Amino acid sequence: MDFFKVLFYINTLAISLNIGVTYMVIVNLIFSQPIHPFTIAGLAFGYAVMIKHNFVFHELWDKWFKDKEK
């Protein structure tokens, strides 16, 4: 398998995991379930890495928000 294809799958998985855990935290808040500190720390780390290094996230961000400025 191509290295860039594997890297693309890893980056898309990172995006979906961050979004999924965010929804899990919101649902836990709604239903008064406990939220573990590791979950919050993992979310902060995941979003920081995604915003800083994830090229798929940057491509999607540019596609969704750069065209509306014109």
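**Aromatic pairs and a buried asparagine**

Author: In this predicted model, Phe57 is buried, its relative accessible area being 17%, and a value under 20% is what places a residue in that class.

Reader: And Trp61, buried or exposed or partly exposed?

Author: Trp61 is partly exposed, with a relative accessible area of 43%.

Reader: Where do Phe57 and Trp61 lie?

Author: Both are in helix α3, which covers residues 55-65, and they are four residues apart, about one turn of the helix.

Reader: OK, rings now: how many aromatic pairs does the count come to?

Author: The count comes to four aromatic pairs. One of them joins Phe8 and Tyr9, whose ring centres are 5.9 Å apart and whose planes meet at 55°, so this pair is tilted. Phe57 and Trp61 also form a tilted aromatic pair, with 5.7 Å from centre to centre and 40° between the planes.

Reader: Which residues do ring pairs link into a cluster?

Author: The cluster consists of Phe57, Trp61 and Phe65, linked by ring pairs.

Reader: Back to Phe8, what is its relative accessibility? And what about the relative accessible area of Tyr9?

Author: Phe8 has 38% relative accessibility and therefore counts as partly exposed, while Tyr9, with a relative accessible area of 44%, is partly exposed.

Reader: Changing topic, where is Asn18, and is that residue buried or exposed?

Author: Asn18 sits in helix α1, residues 3-30, and at 8% relative accessibility Asn18 counts as buried.

Reader: What does Asn18 touch?

Author: Leaving aside residues up to four places away in sequence, Asn18 touches Leu43, Gly46, Tyr47 and Met50.

Note on methods: Residues are numbered from 1 along each chain as its sequence is written. This is a predicted model: local features need pLDDT of at least 70, side-chain atom pairs count only at pLDDT 80 or more; totals for chains, interfaces and linings use all residues. Side-chain values use heavy atoms; hydrogens and water are left out. Rings of Phe, Tyr and Trp (its six-membered ring) pair if their centres lie within 6.5 Å; planes under 30 degrees apart count as stacked, over 60 as edge-to-face and the rest as tilted. Buried means under 20% relative accessible area, exposed over 50%, partly exposed in between (1.4 Å probe, protein chains only). Helices (H or I, at least four residues) and strands (E, at least two) are DSSP runs, numbered from the N terminus. Contact means heavy atoms within 4.5 Å.
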